[in-house]
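My entries follow in the order in which I made them.

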Amino acid sequence: MRTHELAVIGGDGVGPEVTAAALTAARAAGQRFGFTLDTEEYDLGGERYLATGEVLPASVLEELRRADAILLGAIGTPAVPPGVLERGLLLKLRFDFDLYINLRPVQLLPGVPSPIAGLEPDDCDLLGVRENTEGLYAGAGGQLYRGTPYEVATQESLNTRRGVERCVRFAAERAVARDGHLTLCHKTNVLTYAGDLWQRVVDEVAAEHPGLQVDYVHVDAMCLYLVDDPGRFDVVVTDNLFGDIVTDLGAAVQGGLGLAASGNLNPTGTAPSMFEPVHGSAPDIAGKGWANPVAAVLSAALCLEHLGEAEAAAALEAAAGAVLPRLGAMGGPGMGYSTAEIGEVIAAEIADG
Ligand code: IPM
Ligand code: MN
């Protein structure tokens, strides 16, 4: 029997609920495919910060480092000022563990209504590869004369040759394994320094993969095409902030944030990768059982795939896909099942094979 050590950070709001449901489903996959999940829960997030002032103590960071992978629910609560938990916890883990890829599939599952009339599953199946450690997220910049009429704020986008190259290489490999089509999404007509670096790296990597079809789209046009014709994309590689924004739009196209999964990957394995639904903590519905756990279940599937459990990952995806059409709504009070019940229904579906 194989064992995978999972660190679990339920976090804030609906985070713990959706994570628990995802674990119910993932454990069922373990039973069927011959592995156990050895989980350790970490109490991190807004409540701990408000009670103790701690966001991510160094000792906890070192414990997390020893896990095989991390499952995260959601972070953020209105009582904590913006940036404290995001920078202190989520981005700190992405940066310290060098989780340089943020993998975000945008897939319309059968039976799920898209807000785009007439969109069929075959018309929407793309993989977002978002650079996850640089760009405008790096924290470079500063303020001068704060609070005066002369104040100045700068926020700089950092793009290193190494950071861009490893991200583009990863995306190209994924594209080769899929439909063989890679799109760079940027704003090279305005961001001429960063855009030039990204474009040159894409051109170089394209030359290493002769069979790969490579093209380019401006990020504003990407927003238009994502709504108009998402089928034109296969793998889309982009920087940190563009990736953040366009994948939220992608989530809407695929039926809502309750369905959007992500993996923060360290492909070299020098630290554990971290898997989380794209949605936030939704404090307004916390504890009501109204959160759709499918995004967390699909994130757990990405986790299992990363841990080498490809069959289990596929079974989780298939089971979630089979259960979705039975829900009355994709989230909220109209689902017909609670968050926990959906976890159980997916688990039962997996057990039945
Ligand atoms: C995401 C989130 C985070 C981000 C926030 C919470 C810092 O929006 O994972 O997409 O901007 O990356
Ligand atoms: Mn986001």
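I began with the contacts of threonine 238, where contact means heavy atoms within 4.5 Å. Leaving aside neighbours within four places in sequence, I find threonine 238 in contact with Val129, Arg130, Glu131, Cys185, Trp198 and Gly243. Threonine 238 lies in strand β10, residues 235–238. Helices (H or I, at least four residues) and strands (E, at least two) are DSSP runs here, numbered from the N terminus. Threonine 238 is buried, at a relative accessible area of 4%; buried means under 20%, exposed over 50% and partly exposed in between, with a 1.4 Å probe and protein chains only.

Note on the source. The model is predicted: local features need pLDDT of at least 70 and side-chain atom pairs count only at pLDDT 80 or more, while totals for chains, interfaces and linings use all residues. Residues are numbered from 1 along each chain as its sequence is written, chains are lettered from A and ligands numbered from 1 in the order in which they are written, and side-chain values use heavy atoms, with hydrogens and water left out.

I looked up aspartate 234, which lies in the loop between α7 (219–228) and β10. Is aspartate 234 buried or exposed? Its relative accessible area is 2%, so I list aspartate 234 as buried. For its side chain I searched for polar contacts, that is, pairs of N or O atoms within 3.5 Å; within protein, one must be able to donate a hydrogen and the other to accept it, and residues adjacent in sequence count only if both atoms are side-chain atoms. A polar atom of the aspartate 234 side chain lies 3.0 Å from the backbone nitrogen of aspartate 179. The backbone nitrogen of glycine 180 is 3.3 Å from a polar atom of that side chain. Beyond four places in sequence, the residues touching aspartate 234 are Asp125, Leu126, Leu127, Ala175, Arg178, Asp179, Gly180 and His181.

I checked the length of α5, residues 161–177. The expected span is 1.5 Å times one less than the number of residues. For the 17 residues of α5 this gives 24 Å, and the end C-alpha atoms are 24 Å apart, so the two agree. I list Gly163, Val164, Arg166, Cys167, Val168, Phe170, Ala171, Ala172 and Ala175 as the buried residues of α5. Their cover includes β4 (101–107), β5 (125–131), β8 (181–186), α6 (192–208), β10 and β11 (261–265).

I took a charge to sit over a ring if NZ of Lys or CZ of Arg is within 6 Å of the ring centre and within 35 degrees of the ring normal. The charged end of arginine 166 sits over the ring of tyrosine 100, at 3.9 Å from its centre. Arginine 232 has its charged end over the ring of tyrosine 225, 3.5 Å from the centre.

With a relative accessible area of 0%, serine 273 is buried. A polar atom of its side chain lies 2.9 Å from the backbone nitrogen of asparagine 266. I also find a polar contact of 3.2 Å between the side chains of serine 273 and histidine 306.

I placed threonine 339 in helix α11. Its relative accessibility is 2%, so threonine 339 counts as buried. The threonine 339 side chain reaches the backbone oxygen of alanine 291 at 2.7 Å. Which distance separates threonine 339 and valine 18 in space? The answer is 6.5 Å, C-alpha to C-alpha, for residues 321 apart in sequence.

The buried residues of α10 include Ala312, Leu316 and Val323. Among the elements that cover the buried residues of α10 are α1 (15–33) and α11 (339–352).

I find Glu86, Leu90, Arg94, Arg104, Arg130, Tyr137 and Asp244 around ligand 1, counting a residue if one of its heavy atoms lies within 4 Å. Oxygen atoms of ligand 1 come to 2.7 Å from a side-chain N or O atom of arginine 94 and to 2.9 Å from one of arginine 104. For tyrosine 137 the corresponding distance is 2.6 Å.
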